[in-house]
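Open the model in your viewer and keep the selection panel at hand.

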Amino acid sequence: MITDEDKLIRQPLFAKGCLTFKNSGHTLILDRGYYRCSEQVKGNCHCKEKMIKVKDMVRRFDNLITKFELPEGVAGKVFDELLMVMVKQWRRASQRDVHLEEILVSTGNIIIDQIKKQKEISKTDFLEFKRTFYTLLKNQYEEMLFNYLLDPLFTLNPWPKEQDEMAAFLRKSMGINVQRIRMNFSWHVRKLYLSDDGQIDSMEFENWSWYVMQYTKRHIPEFMADFKKGFIVNTRQFSTLNFFDVADEFSQNDFRDALSYSAFATNYAKEKILRKIFDGFEDLKPKAQIEYLKKLDGLTKQSFYAYFATLNRI
Ligand SMILES: [Zn+2]
């Protein structure tokens, strides 16, 4: 069950398995203010890998982000094009989901009716409700992937005036509040490879993020131009950078390859999210059951939480 007390879990700066010593392939873990080799902790590592102060690692990462920053005066161009893609995406999504939303509401109402009449909730109806809710969550994943395209314009944009203008536009015209936390760049990084003394040697983007970087670069040729060959290990070339084509391609296998983690990629993750949302429902009092069903269907904290839980490791 998702309760009002549930807090959205803050992602750590570096996801599990992101920081990796290049030579040994050992990943690093957070241990009392330091990042250190996870194998060393278990006594399995005899390499000369240093412990790295969290503070130092954050500083090195921050320096890295600086190298990805956009030049002045170019973000607006990409932003204008993305707004058009966004509107198209919304239209497609609402056409796609309108039927599912009807099913969710009507099934929810049937179940509420059963509860009110003190009948046993039909298993088939409840399963239908769960399945529809899950499918809607999954469909929204494409929207989240779209939002990642906007990310560089905010997280990699050091020009406050440009940021303010774009953020104000999104807020006023679409009711979207953008995050512009610089360190959110780490969400795009699948691997950060370190030398034994903790210097950043090379990096790998998440597959979807690599597309985001390529999209950005198409509009801003100077972007990522200063890196030594091999520093970024992704090499995939996209035959098209059209959002819908690329998103369709990634959706073929339930977005399994888009990001390291997706609640849709494995049955285990799917079960986990469904349990988080629905376990304990049967133990609620009838009135609370009705309230809960209503909360899942709409812009409530519960539905919002479920959405984020599919993205994070909750
Ligand atoms: Zn090690």
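Start at the zinc ion. Its four donor atoms subtend angles of 98 to 128°, which makes the arrangement tetrahedral (four donors, all angles between 85 and 135 degrees). Select His-26 (ND1), Cys-37 (SG), Cys-45 (SG) and Glu-49 (OE): these coordinate the zinc ion at 2.0 to 2.4 Å. Donors here are N, O and S atoms within 2.8 Å of the metal (3.2 Å for Na, K and Ca), with water not among the atoms. Along the sequence the donor residues follow the spacing H-x10-C-x7-C-x3-E.

This is a predicted model: local features need pLDDT of at least 70, side-chain atom pairs count only at pLDDT 80 or more, and totals for chains, interfaces and linings use all residues. Residues are numbered from 1 along each chain as its sequence is written, and side-chain values use heavy atoms, without hydrogens and water.

Next, select helix α3 (residues 75–116) and helix α9 (residues 286–296). Helices are DSSP runs of H or I, at least four residues; strands are runs of E, at least two; both are numbered from the N terminus. The α3 and α9 axes are 10 Å apart, at an angle of about 170° (lines fitted to C-alpha atoms over the stretch in contact, angles from 0 to 180 degrees between N-to-C directions). α3 and α9 are therefore roughly antiparallel (over 145 degrees). Show Gly-108, Ile-111, Ile-112, Ile-115 and Lys-116 of α3 against Pro-286, Gln-289, Ile-290, Leu-293 and Lys-294 of α9; contact means heavy atoms within 4.5 Å.

Finish at the sheet. Three strands form an open, mixed sheet in the order β1-β5-β6 (pairing takes at least two DSSP bridges). β1 (19–21) and β6 (200–205) stand at the edges, each with a single partner strand. β1 pairs with β5 (residues 189–194) in the parallel sense over three bridges. Center on Leu-19, opposite Leu-192 in β5.

Definitions and conventions:
Angles under 35 degrees count as roughly parallel, over 145 as roughly antiparallel, 65 to 115 as roughly perpendicular and the rest as oblique. Four donors count as tetrahedral if all angles lie between 85 and 135 degrees; four count as square planar and six as octahedral if opposite donors are over 155 degrees apart and all others between 65 and 115; anything else is irregular.
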